[in-house]
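User: I would like to learn how to read a protein model, one feature at a time. Please give the general idea and then the case shown here.

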Amino acid sequence: MTSASTYQRLSDYLRECATLHAVGNVLGWDQETYMPSGGASSRAEHAALIARLHHERVSDPKLGELIAGCESELDVSQETIEAANVREARRDYDRRTKIPADLVSRLAEARSAAQHAWKDARTNNDFPAFRPHLDTVLGLTREMATCLADGGELYDALLDEYEPDAKAADIEAVFTPLRQRLSDLIKDIADNGTPPNTNVLHANIPAAKQEAFGRFVAESCGFSFERGRLDVTVHPFCEGVAPGDTRMTTRYREDSWTDALYGTMHEMGHGLYEQGLPLGERHGRAELPDQHGLPCGEAVSLGMHESQSRLWENAIGRSEAFWHFALPHAQRLMGEAFSDQTPPSLAAAVNTATPSLIRVEADEGTYNLHVMIRFELERALISGDLSTGDLSAAWNDRYKEFLGVDVPRDREGCLQDVHWSFGLIGYFPTYTLGNLHMAQLWRAIRRDLGDIDAQVARGEFAPLLSWLRTHIHQHGRRYSANELTKRATGEDLSPDPLVEYLESKLRPNYGLG
Ligand code: ZN
């Protein structure tokens, strides 16, 4: 009796925190989409107040007492939803309360100064001007990691924010063989491959037509527009605002229709995950207990989130089976440019592997190499094995070694990403972890849903979505990302499925055996 009531009080408390958070999300979404620019300064005030109220509530000692009460009343090592919620609430609470307030404000100041310095340094190709700011951010980030660390490597404490329970040493054990095998594949393609015809990618398609096609695809895949929206922003994103309300955005470039299509399918993959979390009747899944506001109603990690977006964007959207389904609709909704295309010609055009300098413009074939280089460098920066004075040279060496490209200037090298100026360290590896989870899940999906290609070619996405709902979405944070993948696939996370997935589509596409 007591146990139920303490747990109930904890649930009620966390739901109120989630409600405040949702209010902040709506404000943020509005700011990025429809707010007139004149509203910027008052919106900053609204957002700051909501953020402060939320932070006060989620770090309030009252919450700590409720968690401690539940811990004394139930065994948190159990596999039940209740145990997982208490365990994860403890993790979140500890992370928020272990860092002293003055360190939080020093970090915020250093980050904001570093972001300004980074923008100028990138424009002027002037790494030395950014370097002292980077040193300050790194120093404070190390201090923060020291507060959070539980023995072991400092970097792990940073990683834990984005990828709970992941360890840098385990990631390295998967990344090292992956990097070599992908680097060999990319070099073989560059030296011996015949590139596919990609002319269709440059057809000029009006934004309104692209939008009609993107919406049609999202709806066909199972994204609910009664419980979600699609709007336009400079930087696309997807936000699970509240139960029954998932907002995604995209952008349209008339000279590059794949930008919007694959951007939309990517955010839609995030959106389908958010729409599949067990958020009770309001979410159309009345058979599961409502986890709104509780950890088991939240996505487990950035890597797992990214696995969902990449699965729809790449494994589905870039497949020949998808184009069997989508081509007639592309012809109907986007017109002329597609009249002489076939499913194989489109699948060939959208699967490339061209080494390049800029991560955000990299194709699926080369993307992970960009990420793994950053992981290795930022880990060495945190451990002290690499100084910022040697960063540029170390960056350029690795680009030469693994991608075979010469970095002409820091602007196209170690100054290209915003992450480090923000103090976002431990974030990069989640992109490749996402691809690793994706490929491993995809292999299991192909095994479990034998004729998945035929289903996709007929536009039947429900069995795939149902598989993802059952194995991934409905569990929220009940299991760690690695456990979820292991439960779904029967195996620990391994580099093999990703290498095989990329080899099996890229080699034939470049005429290699
Ligand atoms: Zn994403």
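Analyst: Buried means under 20% relative accessible area, exposed means over 50%, and partly exposed lies in between (1.4 Å probe, protein chains only). This is a predicted model, in which local features need pLDDT of at least 70 and side-chain atom pairs count only at pLDDT 80 or more, while totals for chains, interfaces and linings use all residues. Residues are numbered from 1 along each chain as its sequence is written, and side-chain values use heavy atoms, with hydrogens and water left out.

User: Where is Arg359 found, and with which residues is Arg359 in contact?

Analyst: Contact means heavy atoms within 4.5 Å. Arg359 sits in the loop between α13 (343-349) and α14 (364-383). Neighbours within four places in sequence aside, its contacts include Tyr367, His370, Val371 and Arg374, and also Asp417 and Tyr431.

User: Is Ser356 buried or partly exposed?

Analyst: Ser356 is partly exposed, with a relative accessible area of 22%. Ser356 also lies in the loop between α13 and α14. With neighbours within four places in sequence set aside, Ser356 is in contact with Ala362, His370, Tyr399, Leu403 and Val405. From Ser356 to Glu491 the C-alpha to C-alpha distance is 33 Å, and the two are 135 residues apart in sequence.

User: How many helices and strands does the protein chain have?

Analyst: Helices (H or I, at least four residues) and strands (E, at least two) are DSSP runs, numbered from the N terminus. The protein chain has 20 helices and 3 strands. Its radius of gyration is 23 Å, close to the 24 Å that the globule rule gives for 513 residues, so the chain is as compact as a globular protein of that length. The radius is taken over C-alpha atoms, and the rule is 2.2 Å times the number of residues to the power 0.38. Along the principal axes, the C-alpha trace spans about 70 × 55 × 50 Å.

User: What share of the residues in the protein chain is buried?

Analyst: Buried residues are 54% of the 513 in the protein chain. Of the contacts between residues at least 6 apart in sequence, 72% join residues at least 24 apart.

User: How many disulfides does a search of the whole structure find?

Analyst: A disulfide is a pair of cysteine sulfur atoms within 2.5 Å. The search of the whole structure finds 0. For Cys17, the closest cysteine sulfur is in Cys70, 14 Å away, which is too far for a bond. Cys70 is in no disulfide either, as the nearest cysteine sulfur to it, that of Cys296, is 13 Å away. Cys17 is buried at 3% relative accessible area, and Cys70 is buried at 0% relative accessibility.

User: Which way does phi go in most residues?

Analyst: Most residues other than glycine have a negative phi. Asn125 is not a glycine, yet has a positive phi of about 50°. Asn125 lies in the loop between α5 (101-124) and α6 (127-148), and is partly exposed at 29% relative accessibility. Asp165, also not a glycine, has a positive phi of about 75°. Asp165 is in the loop between α7 (154-162) and α8 (168-192), where Asp165 counts as partly exposed at 44% relative accessibility.
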